[in-house]
Amino acid sequence: MEVGGAKVAMLTGSVLLLLPVVFFVTSFMFWPGILIKIYNWFWRRRLGLSVSFSSVGSFRFCYSSRGTPGGAPSLLLLHGFSANKDMWLPVLKFLPQQYHVVCLDLPGHDGTSRFQNEDYSISGQVSRVHQFVHSIGLAQFHLVGTSMGGNLAGVYAARFPEDLCSVSLVCPAGLEPPEDTAFVKRLREMEVLKRQEQDLSQASIALIPSSVPQLQEMLDLCCHKPLNLPRQMMKGLLQNRVPHNHFYRHLFESISHEESRHSLQKNLLHITVPVHVVWGQQDQVLHVSGASVIAAALPHSQVALLEDCGHSVALERPRKLATLICNFLSAQEVTNGDAHKKNS
């Protein structure tokens, strides 16, 4: 009986060991999107991030955070269009542990509430971010935003300067640059056709892929150097995006509307906190000449243009971006310290 029991125990143990392998192989073949989510969960854990929720009325915010507010400024990071809080993971790997970091899922994205009648304009999203900031008690923090998130960060700085110590704008949208990319020119052409009452409901938008080839086109548009991912990973990324494409199209229309399209441009002269600008020289989504617009309006801003880098700075140059943010914050501490001594 003991021998039989030992065999049963060995068999049970073997089955239990095989289960994770079977799960991995099955997920890899049929549901690679699940593996990507598990990978991001593991990466968050490894970086010391925890996911939390905060509610304002019926609206729920989802965010990841690391550390606690202390001597160094807290950092609030705002992602770009159709991304989520996890897009900052490559950058967080290189940010010192001394910083209290918060990565927010913007309205409608990932774990944050998505309501049909929500105001997804730049102004509406900024108001929601402001609600979130006060719901978790952030004060005198450094705000970082990229692309659409950069537009939000700049407008936030103009509207709520009392909340901030400074702001970093990474390839921000919302400007009227001297030059346009081919991507923006195509959007303008589509807008003309829409005014002519042509049906563009099925027209493809490069940032809203619905097939693997379209996803590759989006990656080629956003990254300067080719990003050749395994096909199963591409399928996984697509599985996680396609169910939200209807929302992404609605969001894109909201932020492309005349009210929101140049929100940052309209608010530049109202920004009084120190401004830090980072832009990829080879950005094919939003032309790098937008950096000169900010520099002209805010001559004391610090501008860094990165060679061999496109629109996805957080993905392409995460270490450099983290270093630039830290250097900017250190310089602000020195400046503030000198000003305090002078006033004393």
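Visitor: Which elements do the buried residues of α12 pack against?

Guide: They pack against β6 (164-170), α11 (263-267), β7 (275-280) and β8 (302-306). Bear in mind that this is a predicted model.

Visitor: And which residues of α12 are the buried ones?

Guide: In helix α12, residues 290-297, they are Gly290, Ala291, Val293 and Ile294. Buried here stands for under 20% relative accessible area.

Visitor: How do you know that the buried residues of α12 line one face of the helix?

Guide: Look down the axis of α12: the buried residues fall within an arc of 155°, so one face is what they line. As background, an α-helix has 3.6 residues a turn, so residues three or four places apart point the same way.

Visitor: Let's turn to β6. Why is β6 called largely enclosed by the rest of the structure?

Guide: Because 6 of its 7 residues are buried, each of them having under 20% relative accessible area.

Visitor: What makes β5 and β6 a pair?

Guide: The cut-off is at least two bridges between the strands. β5 (residues 141-146) and β6 have 6 bridges, in the parallel sense, so they count as paired. If you want a place to look, Phe141 stands opposite Leu164 in β6.

Visitor: What about β1 and β2, in which sense do they run, parallel or antiparallel?

Guide: Antiparallel, with 7 bridges joining β1 (residues 50-56) to β2 (residues 59-66). Val56 has Phe59 in β2 as its bridge partner. The two strands form a hairpin with 2 residues between them, and Gly57 in the turn has a positive phi of about 65°.

Visitor: Now the surface. Why is Ile38 called partly exposed?

Guide: Its relative accessible area is 38%. Buried would be under 20% and exposed over 50%, so a value in between is called partly exposed.

Visitor: Stepping back, how many helices and strands does the chain have?

Guide: There are 14 helices and 8 strands. Of the 344 residues, 49% count as buried. The chain exposes about 17600 Å², and carbon and sulfur atoms supply 57% of that.

Visitor: What share of contacts between residues at least 6 apart in sequence join residues at least 24 apart?

Guide: That share is 73% in this chain.

Note on methods
Residues numbered from 1 in each chain as written. Predicted model: local features only at pLDDT ≥ 70, side-chain atom pairs only at ≥ 80, totals over all residues. Heavy atoms only, no water. Buried < 20%, exposed > 50% of the residue type's maximum accessible area, 1.4 Å probe, protein only. Helix = DSSP H or I, 4+ residues; strand = E, 2+ residues; numbered from the N terminus. Contact = heavy atoms within 4.5 Å. Areas by Shrake-Rupley, 256 points an atom, 1.4 Å probe, with all protein chains shown as cover. Arc of directions from axis to C-beta.
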